[in-house]
Every structure is written in structure tokens, then in C-alpha cells.
Amino acid sequence: MAKSNIAPSATWHFWGFGNKSDDLDKETFAKYMVSVRGVDFESGNDISTETDEGHTGTASIDMGEYRNDASSEPEWEDAWRYGEGFEDYWYHLLGKYTKEEVATGVYHYKFFFPSIVDPTNNDNPIELPLTTIYNGFAKTVDDGRVFNNAMLNELECNFKNDEKPSIHPKYLSDYNNFNMTNPSRSYAKNTNFVKPKQVAIYYGDVDKKLEELSKLGCYLESSFSINNNAETQPCQDDEFGKNTKFMGSRETEGSFKVPWTDKTRKLEPEFEGGNSKSHSVTDESIYKQIAYDAVGGKIGDSTYNYRTLIHFQKIVLTNAESPLSGDEAKDLTVKWKVSEEPGQSFVTVDIWTDLSDLHTDNEGCTLNDLKYDYGVDDPSNSADTKYDIKFVVKEGTTPIKGATVTVGAITGNTDDKGETILSLTAGDYSASISKTGYTTKTEQVKVTGKTTVNVALVKS
């Protein structure tokens with residue numbers, strides 16, 4: 001039977017990203033790869049040329065064109081789907097993160113942009129991570145394209161009260177390689193994405209704690225974009241099609257539209273006059289803070305929820321207005337930009353997920369002095385959230401196996417390492433530790449999070 005010459009459906013199209021260095025051959029892709037179930041992939045391929053012109057004295061002559069640069073700017077739109085690249089976007093955009101396993105199979109990621117110690121010191125620039133984007137048509141074996149050294153330049157998030165939140169990443173990369181072997185692709189069977197009604201917007205003064213911010217309640221739509229203003233420039237040692245990426249000055253702006261109510265109408269005089277009870281305009285800038293909090297379903301058998309908390313600690317209002325006439329339902333739109341503070345990240349993004357490792361970073365990093373008060377509906381602050389409390393029982397330096405640890409109706413027996421773990425909610429407890437031949441000991445335990453309690457027993 002003859003093969004059809006009809007072009008295949010676009011449903012064969014796929015893309016994703018991972019880590020791939022230039023020294024890997026075309027058959028080899030990184031261990032950590034993730035396929036993206038997004039829409040509207042654009043390569044942004046561009047080959048720029050210049051015309052070589054001359055003048056003979058009597059007429060101009062066109063000597064033809066030569067190529068002087070080749071670059072790509074891949075971009076697409078995606079939903080907020082945990083475990084399928086969503087967490088990686090924030091690492092690509094901000095460059096640093098910490099990770100903690102807060103329960104079995106539940107990981108808390110905190111993404112942030114590192115502080116620049118000395119902005120005038122060009123010898124110590126802040127560099128964003130690079131990733132590899134692969135793209136293909138899945139109709140033949142070797143039709144893949146690979147975009148190397150891709151830097152995330154801009155990330156746009158959009159929210160509507162009747163649609164899933166969307167995320168739109170825009171990368172800068174080297175010009176893609178052609179005819180690459182398609183990687184094996186797999187997608188999670190259970191998709192955990194953010195639904196429209198799961199996103200709440202919180203807003204308030206900069207001197208308030210996060211949990212003290214006001215919930216906007218019903219909102220019609222909102223969006224924000226973070227632009228790193230990165231640029232690609234061909235340098236002396238760069239091969240054609242490969243460009244050096246330079247980090248620019250970050251810009252962040254956003255807006256939200258809410259129904260005009262007795263509560264929200266106060267946002268307009270607040271922008272114009274400095275507070276909601278103003279009677280006249282002010283020439284002072286108005287600073288606020290804003291947070292987007294998306295709380296979804298449970299993660300496995302834990303008490304934690306899939307959750308994303310995006311917090312802009314200090315924004316400056318740039319506009320707030322509503323139509324003064326018209327027959328349609330009245331609304332109010334507030335616009336803002338980020339006001340950066342020295343010594344801290346202009347935004348922090350906290351994600352609770354079941355993703356154990358990012359797809360595009362095998363090591364990660366820690367920043368022990370980064371402190372942050374989560375506040376709003378933090379699953380770790382929930383009254384019924386349980387924490388793993390590890391009891392380590394020893395006689396001197398020798399672990400004691402078979403010791404019984406009792407807290408109320410909960411008991412556990414220590415293993416060969418002298419350890420046992422009890423799951424307790426926040427509060428103050430009296431723990432009894434006993435074993436035949438040893439003097440029973442009572443320890444006072446204050447539970448505010450995951451911790452370890454060391455117990456020393458002596459023989460009776």
C-alpha cells in the first residue's frame with residue numbers, strides 16, 4: 001500500500017526541555033527531560049543579513065548579501081500543571097531555589113532572585129541557568145530540533161475567573177540544530193493543574209504581614225509579567241548561530257480588574273490620594289504588596305495541598321480607574337509595577353508539589369539566611385497538619401533499639417539506629433521514653449514543624 005503524501009496533523013507536534021551540553025552527540029539527551037503540553041509553539045528563528053553595497057562613481061552596485069547573525073527565541077503558552085515543567089519555569093526565571101521535603105512525597109520549593117551584593121562590580125554578575133529546548137513533529141525519527149543554551153527572558157501569567165491560569169515563557173537561545181533524533185516522551189497520567197477558582201489575590205500595605213493582607217474576593221481578570229531584559233550578542237569566539245546571553249535590568253508590571261463594589265471602589269481614591277479616605281490628589285508614590293495564592297487538591301495521602309504562592313513584597317501603583325458612565329456592570333482596573341528593594345528578591349515563589357527534583361537542575365542550591373513569612377493559608381500552619389517528629393534514643397553514644405516513645409495515644413519503637421518517628425500536629429506535648437532496664441524519661445516537646453528530639457537514657 002502506498003504511503004500518503006498528505007501532510008500529517010499538527011497534533012503530532014511536541015516539545016519540552018531539559019539539560020543537554022554541547023559535547024553530547026545528537027543521539028543523547030539529558031537524564032532529566034520533561035514534555036510540555038502547551039500550545040502555540042513558536043521558534044522565533046531569525047537569520048539577519050546585510051547588503052554589501054558599493055559605488056563606482058557613476059552608479060551604485062549591489063554586491064549581494066552576507067549573513068551576520070542567527071538566533072532563536074522559542075516561546076509557547078502552557079497551563080499551570082505541577083510536575084510537568086511548571087516548577088522549572090520559576091527556576092529558569094529567577095535562578096535560585098531551596099527545597100525541603102515537608103512530608104513523605106511532598107516537596108516545598110522556594111524560588112527567588114539572588115541579591116546583587118555590588119551592582120557596580122561587573123566581575124561578579126548574576127547569571128541565570130541555561131536549558132535545552134527540544135521540538136519535533138513525531139512523524140519521523142530524526143525530525144527533531146534542539147535549541148541549546150536557552151535563557152528564560154520573560155514570563156507572563158494570566159488569570160481569569162472562568163479559565164485555567166496560563167503561563168507564557170519566552171526564551172532566548174542559540175539557533176536550533178536540525179534533524180536531531182527525537183527523544184522518548186512521556187506524560188504524567190494524572191494531571192494536577194490549577195483551576196480558575198483556586199487562585200486568590202491578596203493585597204495590602206507594605207508594613208503588613210502576608211496573612212494580614214486583604215483578599216480581593218471576586219476578580220474578573222489579572223496578569224503580570226517579569227522581564228529580565230536579557231540580550232543575545234555574537235561575540236568574538238562564538239560560532240555562527242551561537243550567541244552569548246547577557247542579563248539585563250528586570251522589569252515587572254501587572255494589573256487586576258475587579259467588580260466595582262463598596263469595598264473595591266476605595267482602591268481608586270487610594271491610588272489618587274494615598275489612602276481610601278482621601279479627598280484630594282497626592283504627588284507621593286503609593287506602595288503596596290500583592291500575592292497570588294493557588295491552593296489545589298491534596299498531594300497523595302498527605303495533609304498538604306498542591307499550592308503556589310507568588311509574593312511581590314513591594315509594588316508601586318501606576319493607575320487605578322473605572323468608567324464613570326455606561327450601562328454595563330461597572331468594574332475597576334488597578335495597574336502596578338515592582339519597586340525593588342536592595343538585599344532581597346523582588347519576588348518569591350513558593351510551590352508545594354510532589355516533584356522530587358527539577359527537570360533542569362540536578363543539584364539546586366541553598367540559602368540558609370533567606371527568611372520568609374508565608375502566612376496566607378500556609379499548609380504548614382494548618383491546625384490539622386501533622387509533622388514528622390524524629391526521636392533519637394541513646395545511652396551515651398550507643399543507640400538503644402526497642403525503646404518505646406509514647407505521646408498521648410501515639411507510640412513508636414526505636415530501630416537499630418535508636419530512631420522512631422511520630423506524626424504530631426502543632427502544640428505542646430509530654431513524651432514518655434522507656435525500656436526495660438532503663439529509667440523512664442519524660443521530655444517536653446513543642447511542635448511547630450518537622451524536628452528531631454534527642455533523648456538520653458541511663459540504666460536503672
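Me: Before we start, what does "exposed" stand for here?
Reply: A residue is exposed when its relative accessible area is over 50%, and buried when that area is under 20%. The model under discussion is predicted.

Me: Lys446 and Asp428, then: buried or exposed?
Reply: Lys446 is exposed, and Asp428 is exposed as well.

Me: What do their side chains form?
Reply: Lys446 and Asp428 form a salt bridge, with 3.5 Å from N to O. The pair connects distant parts of the chain, since Lys446 belongs to strand S29 (residues 441–447) and Asp428 to strand S28 (residues 427–434), 18 residues apart.

Me: How many salt bridges are there in the whole structure?
Reply: The search of the whole structure gives 14 salt bridges.

Me: Which residue does Lys288 meet in a salt bridge?
Reply: Its partner is Asp205, at 2.4 Å from N to O. Lys288 lies in strand S19 (residues 287–298) and Asp205 in the loop between strand S13 (199–204) and strand S14 (214–215), so the pair ties together parts 83 residues apart in sequence.

Me: Is Lys288 buried or exposed?
Reply: Lys288 counts as buried, because its relative accessibility is 4%. Asp205, at 30%, counts as partly exposed.

Me: Changing topic, what about Lys242: how far apart are the closest N and O atoms in its salt bridge with Glu239?
Reply: The closest N and O atoms of Lys242 and Glu239 are 4.0 Å apart. Lys242 is partly exposed at 29% relative accessibility, while Glu239 is exposed at 54%.

How values were computed: Residues are numbered from 1 along each chain as its sequence is written. This is a predicted model: local features need pLDDT of at least 70, side-chain atom pairs count only at pLDDT 80 or more; totals for chains, interfaces and linings use all residues. Side-chain values use heavy atoms; hydrogens and water are left out. Helices (H or I, at least four residues) and strands (E, at least two) are DSSP runs, numbered from the N terminus. Buried means under 20% relative accessible area, exposed over 50%, partly exposed in between (1.4 Å probe, protein chains only).
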